[in-house]
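Visitor: I would like to learn how to read this model. Please take me through it feature by feature.

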Amino acid sequence: MYTNLKNSVLVTALEELVGTIESDACSILASGKVVGEGIDYHKSYGFVPFNVTSFIETMVAVVRHIRKQGCNPWDFTFLDAGCGIGTKLILAESMGFPAIGLEIDQKMIRRAKRQYGIRSLKVSKGRIFRSARTPVIVNQDVLKHHYDHYGVIFFYCPFRNDELESEFEQRVYEQMLPGSYVIPRMHQSELPQSIKPIDNRSRVYWKPKRRRS
Ligand SMILES: C[S@@+](CC[C@H](N)C(=O)[O-])C[C@H]1O[C@@H](n2cnc3c(N)ncnc32)[C@H](O)[C@@H]1O
């Protein structure tokens, strides 16, 4: 079903539809008519969406790896840390993952609600557990979050500031569970020894579970 994604009519249609929605949200930001709410642009990037086709291809590699381990996507909660208007949550959910987004900019969260009907929670720090099937966005700083209960963690440049980006990435790598995956698009800091690529193509990494001796 997912072979030859680039030529698939469905993916092209999806790319166009999502592209319109996302570029509209970006142009509002860029035009200066709406500035973000609760975001410091000296430290963070605003909403710049990651390419949809590449995202789907990457998630297909994750699903294949999960299935090879004899598991099911439903048992792996997907997180987009800095999720913007939440498109990647909708896509991950459609592939069978419970999905959570973190977003600091309240204007993006309101847009996610309007555009996709995604619910939001306000939590200042800590963990959020999810069992229902609909995605949710949490209005929380990615630097204050705990990453020890997710199955798949995705992020795409939340920070403009290199030190903050490294601090955030190291927090994710240290806290993520053995057996979980990370998709660090455009990552800045070095990956620790405990994090390995799942293959030599997809830029997906995981923290393998330690074998009992
Ligand atoms: C480059 S965009 C990526 C959007 C989305 N992940 C995607 O790939 O389509 C980065 C997002 O991170 C959010 N962000 C930046 N700093 C953040 C922080 N400290 N905590 C939570 N979200 C943050 C921004 O508001 C923006 O929506």
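Guide: One caution before we start: this is a predicted model.

Visitor: How many residues surround the ligand, and which are the closest?

Guide: The ligand is surrounded by 26 residues. Ser44, Pro49, Phe50, Gly82 and Ile104 are the closest.

Visitor: How does the shell around the ligand divide by class?

Guide: Sort the residues into nonpolar, polar and charged. Here the shell has 16 nonpolar residues, with 5 polar and 5 charged.

Visitor: Now the sheet. In what order do the strands lie?

Guide: The general idea is that strands of a sheet pair through backbone hydrogen bonds, either parallel or antiparallel. In this model, 8 strands form an open sheet, ordered β3-β4-β2-β1-β5-β6-β8-β7. The pairing is mixed.

Visitor: Why is one side of β3 and of β7 left without a neighbour in the sheet?

Guide: Both stand at the edges. β3 (119–122) and β7 (196–197) each have a single partner strand, so one side of each has no neighbour in the sheet.

Visitor: How many bridges join β2 to β4?

Guide: Strand β2 (residues 99–102) and strand β4 (residues 136–139) run parallel and are joined by 3 bridges. Within β4, Val138 stands opposite Leu102.

Visitor: Next, the helices. At what angle do the axes of α1 and α2 cross?

Guide: Roughly 130°. The axes of α1 (residues 9–31) and α2 (residues 52–68) come within 9 Å. The two helices are therefore oblique to each other.

Visitor: Which residues meet there?

Guide: From α1, Val11, Leu14, Glu15 and Val18; from α2, Val52, Thr53 and Ile56. By class, the contact has 5 nonpolar residues, 1 polar and 1 charged.

Key
Residues numbered from 1 in each chain as written. Predicted model: local features only at pLDDT ≥ 70, side-chain atom pairs only at ≥ 80, totals over all residues. Near = placed C-beta within 6 Å. Nonpolar A, V, L, I, M, F, W, Y, C, P; charged D, E, K, R; others polar. Pairing = 2+ DSSP bridges. Helix = DSSP H or I, 4+ residues; strand = E, 2+ residues; numbered from the N terminus. Axes fitted to C-alpha atoms, helices over the stretch in contact; angles between N-to-C directions. Parallel < 35°, antiparallel > 145°, perpendicular 65-115°, else oblique. Contact = placed C-beta atoms within 7 Å.
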